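User: I'd like a close look at one part of this model, namely the surroundings of the ligand. Take your time and link it to the rest of the fold.

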Amino acid sequence: MIFYFSATGNSRHIAMLIADKTGDRYADITECQKKDLYNFIADKNENIGFVFPVYNFGLPVTLCRFINKMNIKINGNYIFTVATYGGFSGGASKIIRIMLAKKKINVNAQYSVRMPDTWTPIYDLSDKGKNAKTNIKADKTADKIIKKIIKKRNGNFDCRCIPFSDYFYKDYDNLRRTSSLSVENTCIGCGLCAEKCPENAIEIRNGNPVWVKDKCAMCLGCLHRCPQFAIQRGENTKKHGQYIHP
Ligand SMILES: Cc1cc2nc3c(=O)[nH]c(=O)nc-3n(C[C@H](O)[C@H](O)[C@H](O)COP(=O)(O)O)c2cc1C
Ligand code: SF4
Ligand code: SF4
């Protein structure tokens, strides 16, 4: 079973590629949360995978909460993680390995895939051609990973880890403040942002999104998915464009 968390589709895409070739089942962590689904039984020969985006060289809060709550009965299964990232995976692979070990889920192999960087307060995703090229490379990396998964290789194959990433990961908590998100008057009140938010942090009131929690996952799914591109975070996101994995 492949568990994935994905705000903008990169990690979902990689999880689907793997599931397609291995025949493994897959589960969307956001959907599991909504259905209060935390108990799983692994079939004898299936792989157990976790595919997720790197946030601040660490893990999205939604993924951490899911791992802490989940229970899975394993039976000698091959266990792997895949971090999708824009530049550096930092300490994400190490953090998830330690979290899973605490739950007696001992990871066999760790992989990572470079993809378009959805942190558009800094990175520019307005060039669709450039994003497409990055995604072609990502698919080639995924192919290599899938071959290793099929051979049940052991080891740390995440070559974009960097030591001392804890300092940056600590800052994730500050970055999660929803006061940094804003909505423009082009909003049509469609409700998509609220419906898709993995943290239930948005409510539509009087036809506009209102952030009802002080902190969220800061996944930027609301910003990237809005049909009006009405949600922004700071001054740069408007010019850096919206992105969803095609
Ligand atoms: C809040 C946030 C923090 C991020 N931090 C990092 C980071 O530390 N390193 C990195 O390489 N990419 C970082 N990214 C980029 C994502 O990890 C990357 O684009 C990922 O593939 C997005 O996956 P998704 O489409 O499945 O949500 C960050 C993105 C967001 C939204
Ligand atoms: S997705 Fe965009 S248009 Fe729809 S309610 Fe949210 S902000 Fe408004
Ligand atoms: S409010 Fe927006 S950025 Fe925050 S978790 Fe929800 S969808 Fe992601």
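Which domains give residues to the shell around ligand 1, and where does the ligand lie relative to them?

Analyst: First, the ground rules. This is a predicted model, so local features need pLDDT of at least 70 and side-chain atom pairs count only at pLDDT 80 or more, while totals for chains, interfaces and linings use all residues. Residues are numbered from 1 along each chain as its sequence is written, with chains lettered from A and ligands numbered from 1 in the order in which they are written.

Now the ligand. Domain 1 (2-167) and domain 2 (177-240) both give residues to the shell, so ligand 1 lies between them; the domain bounds come from an automatic or database domain assignment. There are 27 residues around ligand 1, and S6, N10, S11, P53 and Y85 come nearest (near meaning that the C-beta atom, placed from the backbone, lies within 6 Å of the molecule). Helix 1 (10-22) and strand 6 (79-85) are the elements that give two or more residues to this shell, and helix 1 gives the most, with three. Helices here are DSSP runs of H or I with at least four residues, strands are E runs of at least two, and both are numbered from the N terminus. Sorted by class, the shell has 13 nonpolar, 12 polar and two charged residues. In that count, Ala, Val, Leu, Ile, Met, Phe, Trp, Tyr, Cys and Pro are nonpolar, Asp, Glu, Lys and Arg are charged, and the others, Gly among them, are polar.

The largest nonpolar core has 38 residues, of which Y4, V51, F52, F80 and V82 touch the most other members. A core here is a set of buried Ala, Val, Leu, Ile, Met, Phe, Trp, Tyr and Cys residues joined through C-beta atoms within 7 Å, and buried means 20 or more other C-beta atoms within 10 Å of the residue's own (12 or fewer is exposed, in between is partly exposed). Elements giving two or more residues to this core include helix 1, strand 4, strand 6 and helix 5 (128-150), with strand 6 giving the most, five residues. Leaving out residues up to four places away in sequence, V82 touches I14, G49, V51, Y111, S112, V113 and I145, where a contact is two such C-beta atoms within 7 Å. Another core, of 17 residues, lies apart from it, and C216, M218, L220 and C226 are among its members.

Helix 5 also holds I150, which counts as partly exposed because it has 13 C-beta neighbours inside 10 Å. I150 and I18 are 132 residues apart in sequence, yet 9.5 Å apart in space, C-alpha to C-alpha.

Most residues other than glycine have a negative phi. F57, though, has a positive phi of about 65°. F57 sits in the loop between strand 4 (48-53) and helix 3 (61-69), and with 26 C-beta neighbours inside 10 Å it counts as buried. K104 also has a positive phi, near 65°, but K104 counts as exposed because it has 8 C-beta neighbours inside 10 Å.

Zooming out, the chain has 10 helices and 12 strands, and 40% of its 246 residues count as buried. Along its principal axes, the C-alpha trace spans about 55 × 40 × 35 Å.
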